[in-house]
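Student: I'm new to this structure. Could you take me through the place where the ligand sits, up close?

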Amino acid sequence: MPISDCDKMVDIATTLPGLKLKNPTILAAGILGETGASLENVAKAGAGAVVTKSIGIEPREGHGNPTFVETEHGIINAMGLPNPGIDNYKDEVESIIGTNIPVIGSIFGADAQEFEILAVEMEKFGVSALELNLSCPHAKGYGAILGHDKEKVLEITKVVKGAVKVPVYVKLSPNVSNIAEIACAVEDAEGDGIVAINTISAMAIDIDMALPILSNAIGGLSGPGIKPIGLRCIYEIKAETELPVIGVGGILSGNDAIEYIMAGASAVQIGSGVYYKGIGIFSKVCQQIQEFMDAHSYKTIKEMVGIAQKG
Ligand code: SIN
């Protein structure tokens, strides 16, 4: 069905603090986010918003090859947060600000001070919101080492919130014993929302070589196999906090997105889905959401958010 026909169906617009989305699909960080032009292509393909690549203070090459392996139920990556550094990313971000959808700036740092510098710069570039990457499972000194510690999450979120006006979302790791507890730290620091989940710490072995396939040995699993874990995490976070949540992990279809919405997500991010289905996944998922809502007489996304929560 062409997008123009889709537009005549039920309204799938959704809102989150500081973000008005024409539909609930968002490009996840790290996929097609290298340049302003690639982000713009995703916008044209129908996404409701895009998240930039995770950007740090200095340029980083990331881990050596291989950085990526496809397994039976998903993809394991250990890119190692390659990025051009905040100063060199300015033009890429600025080139897509003012196009028709919100741009969310993803940042990672080694401590609260680095996050503060990055947040202030990204805000100057004109992003609509920030996503703090506190959850990369395999880049030493960054991500999970901070995001698994609720005191650090509280500190970093508080410092960034004190430094910028745009809404601050925190991307959490599923590789913790209690994700809701970490989400509560974001809420205590007056963060604006949660993005969950980042990838699950994982490995693949080349049995002929008797070695791990990835150069970094350990990477993060994404794709269809992690959807049930993502849903459980959203469900637990929504049971313990009032924060709006953006769901991510293994979304390949409209039904997958609806599962996340019913678990409590107000919007969803798509990452590996682009690898499996191509850039057309955004309009396809929107069309399937609309068809589901039509068939079940839902009028708004909001009506469905969290309805699978008990009690
Ligand atoms: C990577 O660059 O290795 C992935 C980033 C992430 O998992 O947050």
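Tutor: Let's start with the ligand's surroundings and then step back to the rest of the chain. This is a predicted model, where local features need pLDDT of at least 70 and side-chain atom pairs count only at pLDDT 80 or more, while totals for chains, interfaces and linings use all residues. Residues are numbered from 1 along each chain as its sequence is written, and side-chain values use heavy atoms, with hydrogens and water left out.

The ligand sits in the largest pocket. A pocket here is an open set of points on a 1 Å grid over the protein atoms alone, where a 1.4 Å probe fits and protein lies on both sides within 12 Å along at least five of seven lines; sitting in it takes more than half of the molecule's atoms within 2 Å of the grid points.

Around the ligand you'll find Asn77, Ala78, Met79, Gly80, Leu81, Pro82, Asn133, Cys136, Pro137, His138 and Asn198 (a heavy atom within 4 Å counts as near). That shell divides into 6 nonpolar, 5 polar and no charged residues, with Ala, Val, Leu, Ile, Met, Phe, Trp, Tyr, Cys and Pro taken as nonpolar, Asp, Glu, Lys and Arg as charged, and the others, Gly among them, as polar.

Now for the polar contacts, meaning pairs of N or O atoms within 3.5 Å. A ligand oxygen is 3.0 Å from a polar backbone atom of methionine 79, and a ligand oxygen is 2.8 Å from a polar backbone atom of leucine 81. Asparagine 133 uses its side chain instead: an N or O atom there is 2.8 Å from an oxygen of the ligand. Taken alone the ligand exposes 260 Å², and the protein buries 86% of that (Shrake-Rupley areas, 1.4 Å probe).

Stepping back, the peptide bond from alanine 196 to isoleucine 197 is cis, with omega near 15°. Isoleucine 197 is in the loop between strand S10 (193–196) and strand S11 (200–202); strands are DSSP runs of E, at least two residues, and helices are runs of H or I, at least four, numbered from the N terminus. Another cis peptide bond joins asparagine 65 and proline 66, with omega about -10°. Most peptide bonds are trans. Overall, the protein has 12 helices and 16 strands.

Methods: A polar contact is a pair of N or O atoms within 3.5 Å; within protein, one must be able to donate a hydrogen and the other to accept it, and residues adjacent in sequence count only if both atoms are side-chain atoms. On a 1 Å grid over the protein atoms alone, a cavity is a set of points where a 1.4 Å probe fits but cannot get out, and a pocket is an open set with protein on both sides within 12 Å along at least five of seven lines; lining residues have an atom within 4 Å of a point.
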